[in-house]
Amino acid sequence: MPVESIYFLNPEDPFGCLSNASRHQVYIDGMSWQTAEHYFQTAKFKDAKLRYAIIRAETPDEARRIAHQHRRDQRPDWHKIKVGVMRKALSAKARQNADVRAVLLITAPARLKQHAKTGDFWGGKKNMLGKLWMQERDRLGESGEFDSLNRPLPPPWEKYPELHRASIGWRMGYGEAYMEEWDAYFYGLSPAGRSRYQQIFTPPKEWHGFYDR
Ligand SMILES: Nc1nc(O)c(N)c(N[C@@H]2O[C@H](COP(=O)(O)O)[C@@H](O)[C@H]2O)n1
């Protein structure tokens with residue numbers, strides 16, 4: 001089954017809380033930051049005055065604008081550390097904001113992509129921001145139900161497409177063993193998890209009504 005892609009960029013859009021510009025505070029390195037963007041843009045500099053100007057910027061766009069204006073004063077190792085800085089920002093944002101965490105987890109197993117208008121690093125071809133979000137999603141779901149949905153057990157029609165629904169193979173041999181495994185997996189999910197699973201794996205015509213058995 002093809003994996004869908006979810007795009008984000010503007011904070012007002014349905015998955016906009018994944019944008020660094022969304023209005024979610026983060027608490028990192030002993031202080032509170034207005035947005036993840038404020039934290040990220042400030043981290044580029046060592047100069048205290050400049051850092052202060054970015055910290056106090058009224059909007060995340062303004063923080064980014066000031067940082068870009070002073071590009072030449074960036075710390076020399078910035079390109080080596082920037083991915084780690086971004087990872088730290090996203091992790092704090094998801095762990096400290098329940099609404100962001102809920103949206104992030106419900107995106108599974110879709111691919112996350114920043115719909116950047118400019119640049120190919122955080123969005124575009126490289127899509128580093130999307131990749132970091134997916135890594136954070138995996139970490140958050142590691143021991144929980146969302147991990148089961150990230151790596152779902154495929155439904156019987158995807159696992160053994162050679163067996164038609166009425167086949168005796170589902171009552172004997174490998175089909176039977178798989179059906180037992182699948183039942184244990186599916187009925188082990190919460191009602192919300194089962195509902196999400198059914199959205200992801202819509203049965204083909206032959207298997208219509210399967211979930212209502
Ligand atoms: N608003 C917006 N529009 C674009 O087209 C973008 N590519 C981005 N990217 C975001 O900007 C931050 C990093 O930028 P710089 O490394 O300072 O260029 C980061 O939050 C990206 O997600 N934003």
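In which hand, right-handed or left-handed, does α4 pass α6? Before turning to that crossing, keep in mind that this is a predicted model, in which local features need pLDDT of at least 70 and side-chain atom pairs count only at pLDDT 80 or more, while totals for chains, interfaces and linings use all residues. Residues are numbered from 1 along each chain as its sequence is written.

**The two helices**

Select residues 78-96 for helix α4 and residues 128-141 for helix α6, whose axes come within 10 Å and cross at roughly 50 degrees; helices here are DSSP runs of H or I with at least four residues, strands are runs of E with at least two, and both are numbered from the N terminus. The axes are lines fitted to C-alpha atoms, for helices over the stretch in contact, and angles run from 0 to 180 degrees between N-to-C directions. Angles under 35 degrees count as roughly parallel, over 145 as roughly antiparallel, 65 to 115 as roughly perpendicular and the rest as oblique, and α4 and α6 are therefore oblique to each other. The crossing in which α4 passes α6 is right-handed, meaning that the near helix is turned clockwise from the far one by less than a right angle.

**Domains**

Next, colour domain 1 (5-143) and domain 2 (152-212) separately, with bounds that come from an automatic or database domain assignment. Their C-alpha centres lie 39 Å apart.

**Around the ligand**

Now select the ligand and the 13 residues that surround it, the closest being Asn 20, Ala 116, Lys 117, Thr 118 and Trp 122; a residue counts as near if its C-beta atom, placed from the backbone, lies within 6 Å. Helices α1 (36-42) and α3 (60-69) each supply at least two residues of this shell.

From Glu 62 to Ala 177 the C-alpha distance is 59 Å, across 115 residues of sequence.

Move to the loop between α5 (98-106) and β4 (111-114), where Pro 109 lies, and inspect the peptide bond from Ala 108 to Pro 109, which is cis, with omega near 0 degrees.

In the loop between β2 (26-28) and β3 (31-33), select Asp 29, a residue other than glycine with a positive phi near 55 degrees. Asp 29 is exposed, with 11 other C-beta atoms within 10 Å.

Finish at Asn 127, in the loop between β4 and α6, where phi is again positive, about 50 degrees, although the residue is not a glycine. Asn 127 is buried, with 21 other C-beta atoms within 10 Å.

Methods:
Buried ≥ 20, exposed ≤ 12 C-beta atoms within 10 Å, placed from the backbone.
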